[in-house]
Amino acid sequence: MEEIPLVHTRPAANNQPSLTQTNTSQRVTNFFSQQSVRYTLLESSEPDSDSEINTKPHSNSKCCCCSDWCLRAHNLAMCFDSCNCLAKSKGFEARTIYIGKTTELNRHKYPKNVVRNQKYSIFTFIPIVLFQQFAVFLNLYFLVMALSQFIPSIRIGLLYTDKELNSQLYKILTYDGIKMVPSSQLKVSDVIIIEKNQRVPADIVLLKTSEKSGTCFIRTDQLDGETDWKLRVAVSTTQNSDKISDLLDIGAQIYAEKPQLRINAFEGIFIRNDAEKTQEPLSVENTLWSNTVLASGTAYGAIIYTGCETRSVMNTSKPSNKIGLLDKEINNLTKLLFTAVVMLSLVMVALKGFHGPWYRYLFRFILLFSYIIPISLRVNIDMAKTVYSWFIQHDKEIPNTLVRSSTMSEELGRISYMLSDKTGTLTQNEMVFKRLHLGTVSFGSDSMDEIMHHLLISFRQQTPSKNEPMIMRRTIVTRIRDAIEALALCHNVTPVYEANMAEVLNKPVDEMGEEVRDFKVTYQASSPDEIALVSWTENIGLTLIKRDLNSMVLRGPQNELLEYDILQLFPFTSETKRMGIIIRDKLTDEIVFFLKGADTVMQSIVQYNDWLNEECSNMAREGLRTLVVAKKVLSTEQYSDFEQRLTKAKLSIQDRNQKIQNVIETLEKDLELLCLTGVEDKLQTNVRTTLETLRNAGVKIWMLTGDKLETATCIAKSSKLVSRDQDIYTFKPIENRDDARNEMNNFRRKVDTALVILGESLE
C-alpha cells in the first residue's frame with residue numbers, strides 16, 4: 001500500500017494536545033478506519049524554530065482522498081477541510097466567526113457562495129450522456145449491431161460496395177507487358193484481360209478468347225435478370241493472332257456508336273490498319289457489357305465505354321424510397337396529433353393572455369403536451385415488423401425465403417393484385433420435346449422408337465459424293481431425316497466437354513478416331529428451347545459433338561462423323577421472332593439455308609400448305625410451344641451474290657440492322673416446310689395450389705406471356721390460374737379509348753369470368 005507522508009503540528013508546551021490537534025487526529029483516524037485501509041503515518045523531523053506550524057509543506061505531500069498535490073494547504077487538516085469529496089464524510093461543525101474580519105477565515109476553508117444546480121459541465125456532458133444512454137441495454141444492443149457491420153466477415157447487405165468495386169484489380173496489356181490496375185483507373189482503348197468468373201468492369205469489344213473457336217459464355221443475370229448463359233464471339237481477325245502482343249502491334253481501331261440504353265443491340269466496325277487492311281462489322285455478339293460475369297475461359301477485349309457511359313449504369317435508376325400504407329397512416333395520424341397539441345397550447349396561452357414572452361409559454365406548453373404523441377408506438381411497430389420478418393424467413397412451409405425489406409412485411413396482408421411472368425416463374429423454364437409433326441404424320445413421345453428406326457434406315461442408304469447429284473424420292477424416311485438434320489444444325493448451341501476431351505476434339509475429323517464415339521456431351525445455349533431440341537436429336541441418334549465459329553460436327557446413328565461449314569448465322573431476335581443458318585455439307589458441297597421461328601411469321605415465308613395453322617392451334621391447346629422449321633437449297637451463285645450484299649450492309653454505319661434484315665429477307669421466300677415441333681415447359685412445383693389459394697383469398701392475378709393465345713389459355717387453366725368453371729373473355733382488337741371503354745363495359749356484365757388481353761390491344 002502506498003505510504004502517505006503527512007505534515008502535522010508540534011505538541012504544546014504543557015504536553016497537552018490542542019483542540020485543533022485533537023479534532024484533526026480524530027477525523028483522520030475515523031476516516032482511515034471507515035475506509036478500512038492501512039496507512040502509515042510518517043512523522044517529520046522536529047522543526048528548528050518554536051513556531052506553532054511548520055509552514056513548509058513536504059515535497060511529496062499528496063492528498064489521500066482526492067490524489068491532488070496539496071501545495072496550497074499548510075497542513076493535513078486544512079487539506080481535508082478543502083476537499084469537497086471528504087466534506088460529505090466528515091460532517092459539518094459548529095463555527096465561531098468574527099464579524100467583518102475575513103482574515104480570520106484563512107485558518108478555515110469554507111466553500112464559496114456559488115450555487116451549482118447544473119448536472120453537466122462543458123467537459124463532462126458528452127462522456128456522461130453517452131454512458132447514460134448506452135447503460136440501457138436496448139441502445140447498447142443496436143450500437144453493437146451497427147458497429148458489427150464494419151467487420152467484413154459478418155457484414156450483410158450488398159456484396160460489393162462502390163469502394164470495393166472501384167478497387168478491384170484487373171490485368172491490362174501494355175507495350176511493357178501485363179500490368180495490374182484498379183478498376184477505377186481503366187481507360188477507353190485499354191486492352192483488358194478477364195479471367196473466368198471475373199466481373200467485367202467496363203463495356204468492351206471481345207478481341208480474343210482462350211478457346212480455339214473464339215467463343216466464350218457470360219452470365220448476364222446482374223444486367224437483364226436472365227439466368228441463361230449468353231454466347232459471345234471474338235473478332236475473327238484478332239482471334240487468329242498467334243501472340244497476345246499482336247493485339248497492340250496490328251494498329252487496329254474500332255468505330256463504336258454513341259452510348260445507348262439498348263443492351264441487345266450494338267453497331268461498330270473493326271478496322272485493321274496493318275498489311276491486311278481489313279474491316280469487320282461488330283454486333284452485340286462481339287461485346288461484353290459491364291457487370292456481366294465471364295463464365296468460361298479467358299477473354300481479351302478493348303474497352304469502348306467506361307463509367308457513366310456503360311450500358312449497366314445508363315440503365316440503372318435510383319431506387320425510390322418505399323413506404324408502406326401503415327407507415328403512411330401513422331405519419332398522417334402523427335401530423336393530426338401534432339396539430340392538436342399546437343391548438344391546445346394556443347388555447348392555454350390565450351387563457352393566460354398574450355402578454356410578455358408568450359411565445360416561450362407556447363413552446364413550453366407544446367413540450368408539456370408532447371406526450372400526447374405516442375412515440376413508443378413507432379418503436380413497437382418497428383419491432384413487430386422485425387418479428388414478422390423473422391417468422392417469414394423461418395417458416396418451414398416456405399423454405400429459403402429471404403426478406404429483403406423488413407419495413408414492409410405487413411403489406412403482404414394488403415396485396416390485391418399480383419403480376420407474374422410465365423416462363424421461369426409459373427414454369428420451370430425446362431423444356432421437354434413432346435411432338436414432331438410432318439404434315440401427314442405426327443409423332444409423339446410414345447413413338448420415338450419409330451423415328452429412330454426411320455433415321456437409321458436413311459443413313460444406311462447410299463450417300464452421294466460431291467459430284468453426284470442427290471436424287472431421292474420424298475418418302476417418310478427422307479422427310480424424317482431432313483427434319484431431324486435441320487433441328488440438329490439450325491441453332492446456336494455449343495457443346496461442352498470435359499477437360500480431357502479438348503485435345504481429341506481439336507484434331508481434324510479424320511483423326512479423331514474411336515475416342516469420340518462414346519463420350520457424353522452437355523449443351524449450353526441462351527435459350528432452353530434450343531437445348532431441348534438438340535438434346536432430343538441426340539436421343540434419336542444425331543448428336544452435336546463439336547462446334548466453333550466456322551464449322552460443326554455431328555455424329556450419326558452409325559457413329560459416322562458428319563462435317564459442315566457454317567457460312568452465315570442469323571440469331572433470334574424479339575423483332576424477327578426467327579433464327580437462320582447457312583451451312584455447307586462438306587461431303588456433298590450442298591449449301592442449305594435453314595430457318596426456324598414462330599408460326600405467326602413463318603406462315604408467310606414457307607410454301608403454301610393446308611395443315612400448318614390447324615396443327616399449331618392443336619398443339620397450343622395442349623399447352624405446347626410450337627416452332628416451325630423450313631429450308632431452302634442455294635446454288636453457289638445465289639450464295640455468292642447474297643454474301644456480297646450482306647457484307648455491304650454490315651459495313652453500313654447508319655440503319656445497319658434494317659439494311660441487314662432487308663438483305664436476309666431476300667432469301668426468306670418460298671422455303672420448304674419441313675416440320676412443326678412442340679415442346680412443353682414444366683410447371684413449377686405446387687404452382688397449382690399456390691395460385692388457387694391466392695385466387696380464393698381474393699387476390700387478382702395477371703400473367704404475362706409471349707406465347708400464342710391458345711397456349712396462354714391452356715397454361716392458365718393447367719396452372720389453376722383460371723378455374724374450370726370460369727369463362728374466358730378475350731378483348732377484341734381496339735384502336736382508341738372508346739373501343740377500350742366498350743370492351744370493359746362488356747366485361748363487367750360477365751360473372752366469374754377471366755380476362756385475356758392481346759398485345760395489340762395493350763399497344
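**Close-up views of the chain**

**View A. Helix H20 and its surroundings.** Gly-623 follows helix H20 and has a positive phi, near 85 degrees. The model shown in this and the other views is predicted. Helix H20 spans residues 612–621, and its buried residues are Leu-612, Glu-615, Cys-616, Ser-617, Met-619 and Ala-620. The cover over these buried residues includes helix H19, strand E16 (427–437), strand E25 (625–634), strand E26 (672–683) and helix H24 (709–718).

**View B. Asp-599 in helix H19.** Helix H19 comprises residues 599–602, and Asp-599 belongs to it. The relative accessible area of Asp-599 is 3%, and because buried means under 20%, Asp-599 counts as buried. Leaving aside residues up to four places away in sequence, Asp-599 touches Cys-616, Thr-626, Val-628 and Lys-708. Cys-616 is itself one of the buried residues of helix H20, and H19 is among the elements that cover the buried residues of that helix.

**View C. The open sheet E8-E7-E13.** The sheet is open and consists of 3 strands in the order E8-E7-E13, with antiparallel pairing. Strand E7 covers residues 215–219 and is joined to E13 by 2 bridges, the two strands running antiparallel. Within this pairing, Ile-218 has Leu-294 of E13 as its bridge partner.

**View D. The ring pair Phe-266 and Trp-289.** In the pair of Phe-266 and Trp-289, the ring centres lie 6.0 Å apart and the planes stand at 80 degrees, so the arrangement is edge-to-face. Phe-266 is placed in the loop between strand E9 (252–256) and strand E10 (268–272), while Trp-289 is placed in the loop between strand E12 (287–288) and E13; the pair therefore ties together parts that are 23 residues apart in sequence. Both Phe-266 and Trp-289 are buried.

**View E. The ring pair Trp-390 and Phe-391.** Here the ring centres of Trp-390 and Phe-391 are 5.4 Å apart and the ring planes stand at 75 degrees, so this pair is edge-to-face. Trp-390 is partly exposed, its relative accessible area being 48%. Phe-391 has a relative accessible area of 51%; because exposed means over 50%, Phe-391 is classed as exposed.

View F. An unreviewed UniProt entry places the feature "transmembrane region" at residues 120–144, 336–355 and 361–381. Across residues 336–355 the chain is 85% helix and 0% strand, with 28 Å between the end C-alpha atoms. Across residues 361–381 it is 71% helix and 0% strand, with 33 Å between the end C-alpha atoms. One aromatic cluster is formed by Phe-354, Trp-358 and Tyr-359. Lys-352 lies over the face of Tyr-361, at 4.0 Å from the ring centre.

**View G. Arg-481 and the ring of Phe-459.** Arg-481 is positioned over the face of Phe-459, and its distance from the ring centre is 4.0 Å.

View H. Asn-400 is a residue other than glycine with a positive phi, near 65 degrees. It is located in the loop between helix H13 (375–393) and strand E15 (417–421). Asn-400 is exposed, with a relative accessible area of 82%. Asn-686 likewise is not a glycine, yet its phi is positive, at about 65 degrees. The loop that holds Asn-686 lies between E26 and helix H23 (687–696). Asn-686 is exposed, with a relative accessible area of 53%.

**View I. The chain as a whole, for context.** The chain contains 26 helices and 29 strands. Of its 763 residues, 37% count as buried. The accessible surface amounts to about 47800 Å², and carbon and sulfur atoms account for 53% of it. Of the contacts between residues at least 6 apart in sequence, 65% join residues at least 24 apart.

Key: Residues numbered from 1 in each chain as written. Predicted model: local features only at pLDDT ≥ 70, side-chain atom pairs only at ≥ 80, totals over all residues. Heavy atoms only, no water. Helix = DSSP H or I, 4+ residues; strand = E, 2+ residues; numbered from the N terminus. Buried < 20%, exposed > 50% of the residue type's maximum accessible area, 1.4 Å probe, protein only. Contact = heavy atoms within 4.5 Å. UniProt positions renumbered as here; feature names shortened; annotations may be inferred. Pairing = 2+ DSSP bridges. Areas by Shrake-Rupley, 256 points an atom, 1.4 Å probe, with all protein chains shown as cover. Phe/Tyr/Trp six-rings, centres within 6.5 Å; stacked < 30°, edge-to-face > 60°. Lys NZ or Arg CZ within 6 Å of the ring centre and 35° of its normal.
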